[in-house]
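Hello,

Here is the structure I promised to pass on to you. Have a look at it first, and then read my notes below.

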Amino acid sequence: MRLQWVYERLYGHFGPQHWWPAETPFEVMVGAILTQNTAWTNVEKAIANLRANHTLSARAIAATPQPQLAEWLRPSGYFNVKAERLQSFCRWLLEPGRRQRLEQLATDELRHTLLSVKGVGRETADDMVLYAFARPVFVIDAYTRRLFSRLGLITGEEGYETLRALVEEAFGRSAEQVALFNEFHALIVAHAKDYCRKRPLCRGCPLARRCPSCEG
DNA sequence: AACCAGGAGACAT
DNA sequence: ATGTCTCATGGT
């Protein structure tokens with residue numbers, strides 16, 4: 001089966017996902033850091049705390065004492081680590097001309113630059129590149145690897161860059177694919193939440209019968 | 001009550 | 001290059 005088939009099947013079943021759930025590109029980047037290995041519902045609570053304390057901006061976060069920031073981030077887990085990461089990221093973002101320069105970078109350079117920031121790994125950087133900067137990269141996560149593996153498309157041992165290249169080359173890397181990459185990653189998450197986690201056999205799953213572990 | 005969630009970095013091998 | 005440990009809350 002092809003990745004195009006998987007995408008069409010998921011889209012037909014779940015419909016548009018309207019990702020990323022955030023108001024501004026900056027909020028996308030904040031969410032990308034806070035959701036590292038953490039349920040999104042917990043991230044929402046942390047973001048609500050920031051908003052309630054008028055701290056949902058790079059300047060406010062950069063100016064907040066780290067222990068205070070950590071308290072607001074508590075619901076999202078790893079709050080000490082994330083307070084450090086979020087604050088250093090914001091200070092980096094606030095450097096003169098930084099944001100303007102980022103916008104001018106080619107997609108690969110933008111990705112490489114974001115990766116150079118401590119606390120921003122591959123998935124987080126790609127979340128930002130795709131959902132905050134609207135550039136054509138595909139985000140790989142644990143769900144993607146598990147789903148593709150169950151579908152027999154990969155062995156499961158492939159590294160992050162290998163999987164990213166697999167998807168990007170299957171659809172192409174032109175700017176036209178931004179909307180598709182946006183939707184596809186969100187659909188994989190939606191599928192994982194509705195089927196592969198709660199119901200291992202994927203009863204009613206749009207990918208049933210194509211997924212060896214789903215054929216009960 | 002163990003297990004996992006839209007990972008990343010430090011460190012050892 | 002690749003594996004292991006740590007960071008931590010909240011829902012099932």
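**The largest pocket**

With five residues, α12 gives the most to the lining of the largest pocket. Please keep in mind as you read that this is a predicted model.

Helix α12 covers residues 178-196, and α3, α9 and α10 join α12 in supplying at least two residues each to that lining. The space in the largest pocket comes to about 810 Å³. Its lining is made up of 29 residues, and those closest to the centre are Thr35, Thr38, Glu123, Asp141 and Tyr143. Sorted by class, the lining holds 13 nonpolar residues, nine polar ones and seven charged ones.

**Around DNA strand C**

Next, the surface near the DNA. Which residues are around DNA strand C? They are Asn37, Asn42, Lys45, Arg74, Pro75, Gly77, Tyr78, Phe79, Asn80 and Val81. Of the atoms of DNA strand C that come within 4 Å of the protein, sugar and phosphate account for 58%.

The most comes from α6, which gives three residues. By class, the surface near DNA strand C has four nonpolar, four polar and two charged residues.

Some polar contacts to phosphate oxygens of DNA strand C can be picked out:

- Arg74 uses its side chain, with a polar atom 3.2 Å from a phosphate oxygen of DNA strand C.
- Asn80 has a polar backbone atom 2.7 Å from a phosphate oxygen of DNA strand C.
- Val81 also has a polar backbone atom by a phosphate oxygen of DNA strand C, at 3.1 Å.

**Backbone geometry to look at**

Most residues other than glycine have a negative phi, and most peptide bonds are trans.

Asn37, one of the residues around DNA strand C, has a positive phi near 50° and is not a glycine. You will find Asn37 in the loop between α2 and α3. Is Asn37 buried or exposed? Its relative accessibility is 68%, so Asn37 counts as exposed.

Ala134 is not a glycine either, and its phi is positive at about 55°. Ala134 sits in the loop between α9 (122-132) and α10 (142-150). With a relative accessibility of 46%, Ala134 counts as partly exposed.

There is also a cis peptide bond, which joins Trp19 and Trp20 with omega at about -5°. Trp20 belongs to the loop between α1 (3-14) and α2 (25-34).

Thr55 is in the loop between α3 and α4. Why does Thr55 count as buried? Because its relative accessibility is 3%, and buried means under 20%. Thr55 touches Leu50, Ala60, Ile61, Thr64 and Trp72, leaving aside residues up to four places away in sequence. The side chain of Thr55 also reaches the backbone oxygen of Asn53, at 2.7 Å. For a sense of distance across the chain, the C-alpha atoms of Thr55 and Ala179 are 30 Å apart in space, and the two residues are 124 residues apart in sequence.

Thr64, which is among the residues that Thr55 touches, lies in the loop between α4 (58-63) and α5 (66-73). Thr64 counts as buried as well, at 10% relative accessibility. Leaving aside residues up to four places away in sequence, Thr64 touches Thr55, Leu69, Trp72 and Gln87.

Thr144 is part of helix α10. It is buried, with a relative accessible area of 0%. Its contacts, again without residues up to four places away in sequence, are Phe138, Val139, His185 and Ile188.

**The start of the chain**

Finally, Met1 lies in the segment before α1. Met1 counts as partly exposed, with 39% relative accessibility.

Enjoy looking around, and write back with any questions.

Best wishes

Methods: Residues numbered from 1 in each chain as written. Chains lettered and ligands numbered in written order. Predicted model: local features only at pLDDT ≥ 70, side-chain atom pairs only at ≥ 80, totals over all residues. Heavy atoms only, no water. Near = heavy atom within 4 Å. Polar contact = N/O pair within 3.5 Å; in protein donor to acceptor, adjacent residues only side chain to side chain. Helix = DSSP H or I, 4+ residues; strand = E, 2+ residues; numbered from the N terminus. Nonpolar A, V, L, I, M, F, W, Y, C, P; charged D, E, K, R; others polar. Buried < 20%, exposed > 50% of the residue type's maximum accessible area, 1.4 Å probe, protein only. 1 Å grid on protein atoms, 1.4 Å probe; cavity = no way out; pocket = protein on both sides within 12 Å on 5 of 7 lines; lining within 4 Å. Points joined across faces, edges and corners; volume = space filled by probe spheres on them. Contact = heavy atoms within 4.5 Å.
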